[in-house]
Structures are given as structure tokens and as C-alpha cells.
Amino acid sequence: MAKKAPKTEEQTEETPKKKGNKLVLIVAFILLAAAFGFGGSYLANKYILPKKAEAAKNDKTTISKDEVLVPISEFVVNLSDNSNNNYQYIRLKVSCLVADKDASENLTKSMPLVRDSIISVLNSKTANDLLDVNEGISNLKTAIKDKINQEYGQTIVKRVYVTDLVIQ
């Protein structure tokens, strides 16, 4: 058998140094990543998120003390035929924002007119119109508000809120 050469001092010291260097690099990398993570979170919370929260706060629609929400009972209506002979339905529940209690009473008295207006708007829409990600529901709310105000003969509904929506 061949004799193993005795290890020199350089060979015995290299192994612990290499392991130590790798350990130091790993720890340094972890600390650096943690510092960037905490720093980024701090900067985002201090400078970016407050601006977004304030913008959302300014965009938020508030209802004044005098305004009243009038709930409209649920609708189940056929949507416009998309020429595939696949009938599609919508279940919808809305509430209308009116100026005051008197307007609320007038709208409640005229509920058949309101329901007819909403049904006529829904019958003219297809599922694709309503499912448009950008403007579908927004256009529906505007169309309902405009149709009710047109049929009523004056602006009674300020805003329409969709409280329940299912399309099948």
C-alpha cells in the first residue's frame, strides 16, 4: 500500500477557510436581503401607499344625510339573444340613490315605472356587454339611471348601486 503524504499546513487550513468564507457570504446575503426587504416595505408604506389611500379616499362617494337609498326588489330577466339560441339570464338587485325622503317616497310610489325601465335596459343587453371588464357594470348602472330619469320626466335618481348580480 502506498503511504499517504502528510498534509501540509496550507492544506489543513484551506478547508476551514473555504467553509468559513461560504458561511460569511451566505449570512451576508441573508442580512442584505432582509435589509432590502424591510427598507422597501418602509419606503412603500411611508411614500407610496399613503398617496394611493388618499386618492381612494378622494374618489370615494359619500352619501349626505339628506340622500336616501331606495332598494329595488330582485330581478330575474332574459338577456338579449346573442344568436346562438343559448338563452342567458341575469339576476340583479339594485338600489337607487335619491336626493331626499320626498324623492324616495315618489320613487317608491312609481315602482312599476322603475321596474319596467330596468327590465327594458336589461333586455337590450347581452352577457358580453355586462361582462366587459372595463365598462360593463358601469355602463349598466348609467343606462338604468338614465332610463329611469327619462321615464320619470325629471332627474330623480342620482346614482344606481348594484348590490347583487348573477349572469347565467
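## Strand pairing and a buried glutamate in a predicted model

Arg-91 stands opposite Val-166 in strand E3. The model is predicted: local features need pLDDT of at least 70, side-chain atom pairs count only at pLDDT 80 or more, and totals for chains, interfaces and linings use all residues. Residues are numbered from 1 along each chain as its sequence is written, and side-chain values use heavy atoms, with hydrogens and water left out.

The protein has five helices and three strands, in the sequence order α-β-β-α-α-α-α-β. Helices (H or I, at least four residues) and strands (E, at least two) are DSSP runs, numbered from the N terminus.

E2 pairs with both E1 and E3; two strands pair if DSSP finds at least two bridges between them.

| Pair | Sense | Bridges | Example of opposite residues |
|---|---|---|---|
| E2 and E3 (residues 157–167) | antiparallel | nine bridges | Arg-91 and Val-166 |

Strand E2 covers residues 89–98, and seven of its ten residues are buried, so E2 is largely enclosed by the rest of the structure. Buried means under 20% relative accessible area, exposed over 50%, and partly exposed in between (1.4 Å probe, protein chains only). For the protein as a whole, 21% of the 168 residues count as buried.

Glu-67 lies in the loop between helix H1 (9–59) and strand E1 (68–78). This residue is buried, at a relative accessible area of 16%. Leaving aside residues up to four places away in sequence, Glu-67 touches Thr-62, Leu-97, Val-98, Ala-99 and Lys-158. With Lys-158 there is also a side-chain to side-chain polar contact at 2.8 Å. A polar contact is a pair of N or O atoms within 3.5 Å; within protein, one must be able to donate a hydrogen and the other to accept it, and residues adjacent in sequence count only if both atoms are side-chain atoms.

Contact means heavy atoms within 4.5 Å. Among contacts between residues at least 6 apart in sequence, 72% join residues at least 24 apart.

An unreviewed UniProt entry places the feature "transmembrane region" at residues 23–44. UniProt positions are given in the numbering used here, feature names are shortened, and annotations may be inferred rather than shown by experiment. Over residues 23–44 the chain is 100% helix and 0% strand, with the end C-alpha atoms 31 Å apart.
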